[in-house]
Amino acid sequence: AVRDTVIWAVLHLILAAGGIYFWGTWLSLPFWIAYGVIYGSACDSRWHECGHGTAFRTRWMNDVVYHVASFQIMRNPVNWRWSHARHHTDTIIVGRDPEIAWMHPINLVLKALAFVGIVDTWISLKVLTRNAVGNLSPEEQDYIPETEWPRAIYWARIHLAIYGAVLVLTLGMLSAGMAWKSSIPILLVGGPRVYGCWHFVMTGLLQHGGLAENVVDHRLNSRTLYMNPISRWIYWNMNYHVEHHMFPMVPYYALPALHEQIKRDLPPANTSIWDAYREMVGAVMKQRNNPGYAFRKDLPATARPYREALHSTVPEREHG
C-alpha cells in the first residue's frame with residue numbers, strides 16, 4: 001500500500017506539471033486526461049480500501065489517505081464510512097443498503113451521465129452544503145451514530161472551504177487578467193471529479209449490477225471479473241468483488257491469492273470488463289420491465305449450495 005500510494009502521489013505531481021507546462025497546446029491534453037483518472041477515479045478505490053482500514057497496517061496512514069480520497073471524490077468522510085459499513089452488513093438489501101447503484105425504476109440516462117460526473121458532482125456538493133449547515137438527512141441519521149454527527153458537519157465545512165478557496169483563486173486570476181490560465185485551479189482540484197470519474201463509474205457499476213437483491217449470499221449479489229493490470233491498479237483489485245464481500249478485512253493486495261484459494265466454490269469469473277458488461281446490461285434491460293429479475297450464475301458442482309434470504313426476489317435459475 002505504501003508503494004502504490006507513493007506512485008499515486010507522484011503521478012499526481014508529474015501529470016499536473018505536464019498539463020501546466022504544456023498549457024495552451026494540444027500536448028497538455030493527454031496529461032489532463034491521465035490526471036483526471038488518477039485524481040477522479042483512483043480516489044474511489046483508495047477511499048474504499050482505507051475506509052476499511054486494511055490498506056495499511058498503521059491506522060493513521062489509512063485515515064490520511066481516506067480523507068484525501070474522500071475529498072477528491074466529494075464524499076463526506078464520516079457519512080460514507082458509516083454508509084459503507086451498512087452496505088457490507090446489508091448488501092443490496094432494499095431499504096437498508098444506502099449504496100445501491102441500480103435502484104428501480106432504472107434511469108438509463110442518469111447512468112450514462114454518471115460517466116461524466118456533472119450530475120453526481122452537483123448532488124455531492126448539495127449534500128456537503130446541507131451537512132455543512134448542520135442538516136443530516138433522516139437516512140444519514142439512521143446509519144451514522146449520533147456521536148459522529150458533529151464530525152460529519154465539521155468535515156463538510158472543511159471540504160467546502162477548500163472548494164471555496166479554489167473558486168476565489170480562479171476568480172482572482174480572472175480579475176488579474178490571467179483568464180487563459182484561470183481554469184487551471186479547477187482542473188487541478190474538483191474538476192477531475194467531473195472529467196476523470198469515468199473509470200470508477202465503469203468498474204463500480206459492475207460490482208452488483210443486474211444481480212440479486214435481498215439475498216444473503218454474496219455469490220448472488222456480487223460480481224468477480226478479470227481485468228487488465230492497469231485497471232486493477234486503479235481499482236485496487238476490487239474486481240474480486242465476491243471475495244471482498246465475503247472477506248472484507250482481507251487487504252486489496254491479497255485478493256488475487258484469496259481468489260485462487262476459493263474460486264472452486266464460486267461462479268466462474270467474467271473474463272473481461274466487456275464480458276461483464278454484456279452480462280450486466282442484458283440483465284438491467286430485463287429489470288426495466290421486470291424489477292424482480294436477476295442474473296444468476298451456476299455454482300460449481302463442488303460448491304456448497306446457495307443460502308438465500310427469505311422473500312428473495314431471485315427467480316428460477318438462469319444458466320450463465
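1. Basis. The model is predicted, so local features need pLDDT of at least 70 and side-chain atom pairs count only at pLDDT 80 or more, while totals for chains, interfaces and linings use all residues. Residues are numbered from 1 along each chain as its sequence is written, and side-chain values use heavy atoms, with hydrogens and water left out.

2. Overall form. The protein chain has 17 helices and zero strands; helices (H or I, at least four residues) and strands (E, at least two) are DSSP runs numbered from the N terminus. The C-alpha trace spans about 70 × 45 × 45 Å along its principal axes. For 320 residues a compact globule would have a radius of gyration near 20 Å, and the 21 Å of the protein chain agrees; the radius is taken over C-alpha atoms, and the rule is 2.2 Å times the number of residues to the power 0.38.

3. Of the 320 residues, 50% are buried (under 20% relative accessible area; exposed is over 50%, partly exposed in between; 1.4 Å probe, protein chains only). Among contacts (heavy atoms within 4.5 Å) with a separation of 6 or more, 65% join residues 24 or more positions apart.

4. Helix 1. The 20 residues of helix 1 (residues 2-21) should span 28 Å at 1.5 Å a residue, and the end C-alpha atoms are 28 Å apart, which agrees; the expected span is 1.5 Å times one less than the number of residues. Its buried residues include Trp8, His12 and Leu15. Seen down the axis, the buried residues of helix 1 fall within an arc of 160°, so they line one face; the arc is that of the directions from the helix axis to the C-beta atoms. The face turned away carries the exposed residues Arg3, Leu13 and Tyr21. Among the elements covering the buried residues of helix 1 are helix 2 (28-40) and helix 14 (229-235).

5. Ser83. This residue lies in helix 5 (residues 77-89). At 3% relative accessibility, Ser83 counts as buried. Beyond its neighbours within four places in sequence, Ser83 is in contact with Pro98, Glu99 and Tyr143.

6. Aromatic rings. Rings of Phe, Tyr and Trp (its six-membered ring) pair if their centres lie within 6.5 Å; planes under 30 degrees apart are stacked, over 60 edge-to-face, the rest tilted. The count comes to ten aromatic pairs. Trp47 and Trp80 form an edge-to-face pair, 5.6 Å centre to centre with 80° between the planes. Trp47 lies in helix 3 and Trp80 in helix 5, so the pair ties together parts 33 residues apart in sequence.
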